[in-house]
Amino acid sequence: MKLLRIDSSARRNSVSRQLTGKFVEAWKKENPTGEIIERDLSTTNLPLITDEWVQSAYADPSSLTPAQKQVLSASDALIDEVVKADTIVIGAPMHNFTIAAPLKAWIDQVVRVGKTVLWGQNGPRGVLEGKKVVVLTSRGGSFRPGTPTAQYDYQEPYLRHILAFIGLTDVTFIHAENQKPGELAEPSRSAAIEQLQQAASAQNRRAATQ
Ligand SMILES: Cc1cc2nc3c(=O)[nH]c(=O)nc-3n(C[C@H](O)[C@H](O)[C@H](O)COP(=O)(O)O)c2cc1C
């Protein structure tokens, strides 16, 4: 079994990074021989999409020049990590009501026609099926469903959509809300840790019965 851990916060005292760390600990306990692939997007040189990138991504793979292959090499490596993983845990800080820029840059490299999305007669089909994803978010405020601020959560709906677009439909979200300084921060973080520990062992129980 392989777990891909993705972090996307630049902060040293990042809450989402603390959560992904706890998930890895819990997963490792259940899966002592499992392999962990670490991808810290805050220290990864993530290229932005350029004209060369688009031209290369849409070209016939057999006709790619060495320069075009080089342009796609970061995308190839990041996709390879996702393909190898059985479970993916993503640490996602909320920035400006959505995901942080490094996570968006990762998505731009991983969502690729012909590699992770195939276009057929019935439209797009994501190919990364059968993997489990756990997204651990951290937010300064609260965006609980049913509250007036729920409508400003452009993080979970966007991530659900784009992950499903590449075939990742088995996705669990656990939110550490109210992480701005104050008395609500610690209880919310502890509740998230408890939930993610349950999620890590539930995943292993399901895997064992499959
Ligand atoms: C640039 C920036 C933008 C932020 N935007 C929001 C926001 O729109 N809504 C919110 O609730 N919290 C916002 N926050 C607070 C973060 O979501 C919070 O600090 C969270 O813990 C970040 O995750 P991290 O600790 O893993 O970095 C923002 C923080 C930063 C640094």
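1. Helix H5. In this predicted model, the buried residues of H5 are Leu103, Ala105, Trp106, Ile107, Gln109 and Val110. Their cover includes E1, helix H2 (51-57), H4, E3, E4 and H6. As a general point, an α-helix has 3.6 residues a turn, so residues three or four places apart point the same way.

2. The largest nonpolar core. This core holds 29 residues, of which Ile88, Leu103, Trp106, Val135 and Leu159 touch the most other members. At least two residues of the core come from each of the following elements: strand E1 (2-7), helix H4 (73-84), strand E3 (87-95), helix H5 (101-110), strand E7 (132-138), helix H6 (156-165) and strand E8 (170-176). H5 gives the largest share, five residues. Two of the residues that touch the most other members, Leu103 and Trp106, are also among the buried residues of H5.

3. Leucine 159. Residues up to four places away in sequence being set aside, leucine 159 touches Ala92, Ile99, Leu103, Ile107, Val135 and Phe173.

4. Isoleucine 37. This residue is placed in strand E2 (residues 35-40). Isoleucine 37 counts as buried because its relative accessible area is 13%, and the cut-off for a buried residue is under 20%. Between isoleucine 37 and leucine 3 the C-alpha to C-alpha distance is 6.1 Å, although 34 residues separate them in sequence. Beyond its neighbours within four places in sequence, isoleucine 37 is in contact with Lys2, Leu3, Leu4, Arg5, Glu81 and Lys84.

5. Which residues are the closest to the ligand? Of the 16 residues that surround the ligand, the closest are Ser9, Ser14, Ser16, Met94 and Ser138. For serine 9, an N or O atom of the side chain is 2.7 Å from an oxygen atom of the ligand. The corresponding distance from a ligand oxygen atom is 2.5 Å for the side chain of serine 16 and 2.6 Å for that of serine 138. On its own the ligand has 630 Å² of accessible area, and the protein covers 75% of this.

6. Composition of the ligand shell. Helix H1 (15-30) and E3 are the elements that give two or more residues to the shell around the ligand. E3 provides the largest share, three residues. By residue class, the shell divides into five nonpolar, nine polar and two charged residues.

7. Most residues other than glycine have a negative phi. Asparagine 96, in contrast, has a positive phi near 50 degrees, and asparagine 178 has a positive phi of about 55 degrees. Asparagine 96 is placed in the loop between E3 and strand E4 (98-99), whereas asparagine 178 lies in the loop between E8 and helix H7 (185-209).

8. Accessibility of these asparagines. Is asparagine 96 buried or exposed? Asparagine 96 counts as exposed because its relative accessibility is 72%, and the cut-off for an exposed residue is over 50%. Asparagine 178 has a relative accessible area of 18% and is therefore buried.

Technical notes: Residues numbered from 1 in each chain as written. Predicted model: local features only at pLDDT ≥ 70, side-chain atom pairs only at ≥ 80, totals over all residues. Heavy atoms only, no water. Core = buried A, V, L, I, M, F, W, Y, C linked by side-chain atoms within 4.5 Å. Buried < 20%, exposed > 50% of the residue type's maximum accessible area, 1.4 Å probe, protein only. Helix = DSSP H or I, 4+ residues; strand = E, 2+ residues; numbered from the N terminus. Contact = heavy atoms within 4.5 Å. Near = heavy atom within 4 Å. Polar contact = N/O pair within 3.5 Å; in protein donor to acceptor, adjacent residues only side chain to side chain. Areas by Shrake-Rupley, 256 points an atom, 1.4 Å probe, with all protein chains shown as cover. Nonpolar A, V, L, I, M, F, W, Y, C, P; charged D, E, K, R; others polar.
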